[in-house]
Amino acid sequence: MRVRRLRQLGFGDRPDPAFDQFADHLAAVTGAPYSMVNFIDENRQYFAGLHTPSGEHNGADLSAAAAAGSEVSRFMARDHGYCPHVVVRRKALVLEDVCDYPRFAGNPVVDEIGIRSYLGAPLIDRTGIALGTICVVDTEPRPWGRAGLETIKALAAELIEQIHRREDGAI
């Protein structure tokens with residue numbers, strides 16, 4: 001159902017300037033160096049919106065942060081990162097230091113990219129489908145706290161409203 005809905009909306013297979021702007025907004029609000037608007041299909045994750053410290057939208061900064069030199073772009077395998085978990089749970093996730101959580105510390109993004117903290121929330125649209133997530137990550141532990149949780153949930157709601165306005169032809 002999610003894949004069909006993403007195709008209906010035209011999301012998940014190409015960069016979108018509005019989502020890049022929203023990723024920039026996420027980074028500005030949270031102070032995180034990396035932020036994404038992430039849609040998940042049956043095979044992969046796609047960062048339709050991406051913010052990196054250099055302002056490039058191709059993931060080169062994230063690649064530079066990679067300890068093992070793995071290439072990271074707008075695509076990521078479904079078993080990498082924490083966003084697929086957020087989509088399945090349909091709840092926001094706060095990991096101030098991923099190494100504090102055995103379940104998450106072994107994720108490939110820890111070793112390959114150096115991710116140490118994560119803050120993400122699902123994008124649940126009017127049909128009740130979790131389309132993907134918004135998230136911010138850092139290569140250092142971050143004390144996101146309750147304020148970070150409330151912020152990421154509010155920003156997810158803000159983006160869902162934009163998506164609905166776009167679908168309704170208001171944007």
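Trainee: Leaving aside its neighbours within four places in sequence, which residues is Val37 in contact with?

Mentor: Keep in mind that this is a predicted model. Beyond four places in sequence, Val37 touches Phe19, Phe22, Ala23, Tyr46, Phe47, Ala48, Gly49, Leu123, Thr133, Ile134 and Leu159.

Trainee: Which residues have the most contacts inside the largest nonpolar core?

Mentor: Val37 is among them, with Phe19, Phe39, Leu123, Ile134 and Leu159. That core holds 27 residues.

Trainee: Which elements give two or more residues to this core?

Mentor: Three helices do: helix 1 (2–9), helix 2 (17–30) and helix 7 (145–167). So do strand 1 (34–40), strand 2 (44–51), strand 5 (117–124) and strand 6 (130–138). Helix 7 supplies the largest share, seven residues. A second, separate core has 22 residues, including Met36, Val86, Leu93 and Tyr118.

Trainee: How do I place these elements in the whole chain?

Mentor: Start with the order. The protein chain has seven helices and six strands. From the N terminus they run α-α-β-β-α-β-α-β-α-α-β-β-α. Then check burial: 51% of the 171 residues are buried. Now take contacts with a separation of 6 or more: 67% of them join residues 24 or more positions apart.

Trainee: How do I read a helix pair, and at what angle do helix 2 and helix 7 pack?

Mentor: Two packed helices are described by the angle between their axes and the distance between the axes. Here the angle is about 160 degrees, and the axes of helix 2 and helix 7 lie 11 Å apart. Over 145 degrees counts as roughly antiparallel, so helix 2 is roughly antiparallel to helix 7. The crossing of helix 2 past helix 7 is right-handed.

Trainee: Which residues make the contact?

Mentor: Helix 2 uses Ala18, Phe19, Phe22, His25, Leu26, Val29 and Thr30. Helix 7 answers with Thr151, Ile152, Leu155, Glu158, Leu159, Gln162, Ile163 and Arg166.

Trainee: What about backbone angles? Where does Arg90 lie?

Mentor: General idea first. Most residues other than glycine have a negative phi. Arg90 has a positive phi, near 65 degrees. Arg90 sits in the loop between helix 4 (83–89) and strand 4 (93–95). Its relative accessible area is 39%, so Arg90 is partly exposed.

Technical notes: Residues are numbered from 1 along each chain as its sequence is written. This is a predicted model: local features need pLDDT of at least 70, side-chain atom pairs count only at pLDDT 80 or more; totals for chains, interfaces and linings use all residues. Side-chain values use heavy atoms; hydrogens and water are left out. A nonpolar core is a set of buried Ala, Val, Leu, Ile, Met, Phe, Trp, Tyr and Cys residues joined through side-chain atoms within 4.5 Å. Buried means under 20% relative accessible area, exposed over 50%, partly exposed in between (1.4 Å probe, protein chains only). Helices (H or I, at least four residues) and strands (E, at least two) are DSSP runs, numbered from the N terminus. Contact means heavy atoms within 4.5 Å. Axes are lines fitted to C-alpha atoms, for helices over the stretch in contact, and angles run from 0 to 180 degrees between N-to-C directions. Angles under 35 degrees count as roughly parallel, over 145 as roughly antiparallel, 65 to 115 as roughly perpendicular and the rest as oblique. A crossing is left-handed if the near helix is turned anticlockwise from the far one by less than a right angle, and right-handed if clockwise.
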